[in-house]
Amino acid sequence: MSSLPQYIDLAPLGSTLMPRAVPFLKPNPPRLSRLGRGLENIEDSGIFSNYGPVNTQLETSFVEQLFHGVGACLTVCNATLGLMIAMKSAADKIRRSGFVIVPSLTFAATAHAVLWAGLTPIFCDVDADTWLLDEASVGKILAQYGDAVVGICPYATFGNNLDLSWYDRLADEHNLFIVVDAAASLGSLNHAGQGFGTGFRHAIVYSMHATKTFAVGEGGLVYSADPALISRLRIMSNFGFGEPRTATMAGLNCKLPEVSALMGLEKLRTFAGVVEHREMLAGAYRHALPAWCTQRMLGVRHAYQFMPALMPAPLHSRRRELQSYLAQEGIGSANYFDPHLAGHPYFMEHGVTAALPVTEDIAPRMLSLPISDFMTLDDVDYVCEAVVRWEQKIS
Ligand SMILES: Cc1ncc(COP(=O)(O)O)c(C=O)c1O
């Protein structure tokens, strides 16, 4: 039905005579073997890390191309470390312990960052349609715990657009810090058509992991409209050295190597096409599986990493069976985020769980289907036909 987009390199696809396989994720970081000149330049410069010239160029390009020239950003060597320094910076500013509201429907890194900063996560419910942190549930926790709540770490679920202005107001009204986990959001555009996060004064953290839409390998980005916040995080990311080789604040080593920055620059070159291609595949899934409930997306564009959807009610207890059937057909799938965070033993022990009726309903029903830069509309048809065949077989 569709041909592959121009930016796809056919080499990794192998022979077309191979049986059809649609892996759940197929990372597509820039091919290092094609970046010879850039790699030679790095070797000649003798600068391999420590915010070198390639990294500076990448940070400038991010702000210009993804955030409309507003604010500043800092690369980090993965989003988990970005979350950790953003959380630690906020915690050190308030100088007291307390609770941080996080959605239970997210990845472990969010809660780990809260705990590493010496704070306690409260696992909160999500909205049934957008799968974003539920505003009414956040309100209930604030009413119950009062000023023991010191911050909120919402997740921009699967690249969806959070209403950041709501968090901005809440931060002022309740004297809270906000750190946004936007691990899957590089490439998502808000209602104004700007990169998700543009103009937001708190820290927003994105991932450049190989499996993300903005695939590099290991890498992350912290953005804020407040350059002073980014300067502070840059110091924390470099051992807390606010003066030459002297720690003036908490620190880690989160610096992105120059080779990874080079890959980031190359990814940026073709990135708009990557996001559009993935959004087209997501649209085809929605069309081909009308009985499956998909996420209500806010904003104008979304950087789909994969296609999460809720299995129809009579079938959902058989998710594992469907996954095995799909695997036999060469189709990968995943059950993100099940268990949700309040179901992880470590977080049960160290966090607090609020009422989670929606999360407990949707996490066991959610199945994530493949999306990759290499997939075509024919591949989506192949996956959906297999799903429908299985549904008919068991009904
Ligand atoms: C919601 C969420 N937060 C944080 C992370 C961590 O990102 P990284 O692998 O770059 O540390 C991920 C990774 O998948 C994620 O899905």
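Q: Why does the open sheet of 3 strands leave one side of S10 and of S13 without a neighbour?
A: Start with the order, S10-S11-S13, where the pairing is antiparallel. Strand S10 (293-294) and strand S13 (366-369) stand at the edges with a single partner strand each, so one side of each has no neighbour in the sheet.

Q: How do you know that S10 and S11 are paired?
A: S10 and strand S11 (residues 307-310) have 2 antiparallel bridges, and the rule asks for at least two, so they count as a pair. Thr 294 stands opposite Ala 309 in S11.

Q: How many aromatic pairs are there, and why is the one between Phe 123 and Phe 347 called tilted?
A: The count comes to 18 aromatic pairs. For Phe 123 and Phe 347, the ring centres are 6.1 Å apart and the planes stand at 55°, so the pair is tilted.

Q: What does the pair of Phe 123 and Phe 347 tie together?
A: Phe 123 is in strand S3 (residues 120-124) and Phe 347 is in helix H10 (residues 345-350), so the contact ties together parts that are 224 residues apart in sequence.

Q: Are Phe 123 and Phe 347 buried or exposed?
A: Buried means under 20% relative accessible area. Phe 123 comes in at 0% and is buried; Phe 347 has 2%, so Phe 347 is buried too.

Q: What makes the pair of Tyr 155 and Phe 337 edge-to-face?
A: Their planes are 75° apart, with 6.0 Å centre to centre, and an angle over 60 counts as edge-to-face. This pair links distant parts of the chain, 182 residues apart: Tyr 155 sits in the loop between strand S4 (149-152) and helix H6 (164-174), and Phe 337 in the loop between helix H9 (319-328) and H10. Both Tyr 155 and Phe 337 are buried. They also belong to one aromatic cluster, whose members include Phe 24, Trp 131 and Phe 158.

Q: How do you know that Lys 26 sits over the ring of Phe 374?
A: The charged end of Lys 26 is 5.2 Å from the ring centre, and the distance limit is within 6 Å. Arg 234 lies over the face of Tyr 51, at 5.0 Å from the ring centre.

Q: Where does pLDDT stay under 50?
A: Over residues 1-16, for which the model has 30 contacts beyond four places in sequence. Where pLDDT is low, the predicted coordinates should not be read in detail. The protein chain averages a pLDDT of 95, and 95% of the residues score at least 70.

How values were computed
Residues numbered from 1 in each chain as written. Predicted model: local features only at pLDDT ≥ 70, side-chain atom pairs only at ≥ 80, totals over all residues. Heavy atoms only, no water. Helix = DSSP H or I, 4+ residues; strand = E, 2+ residues; numbered from the N terminus. Phe/Tyr/Trp six-rings, centres within 6.5 Å; stacked < 30°, edge-to-face > 60°. Buried < 20%, exposed > 50% of the residue type's maximum accessible area, 1.4 Å probe, protein only. Lys NZ or Arg CZ within 6 Å of the ring centre and 35° of its normal. pLDDT = per-residue confidence, 0-100. Contact = heavy atoms within 4.5 Å.
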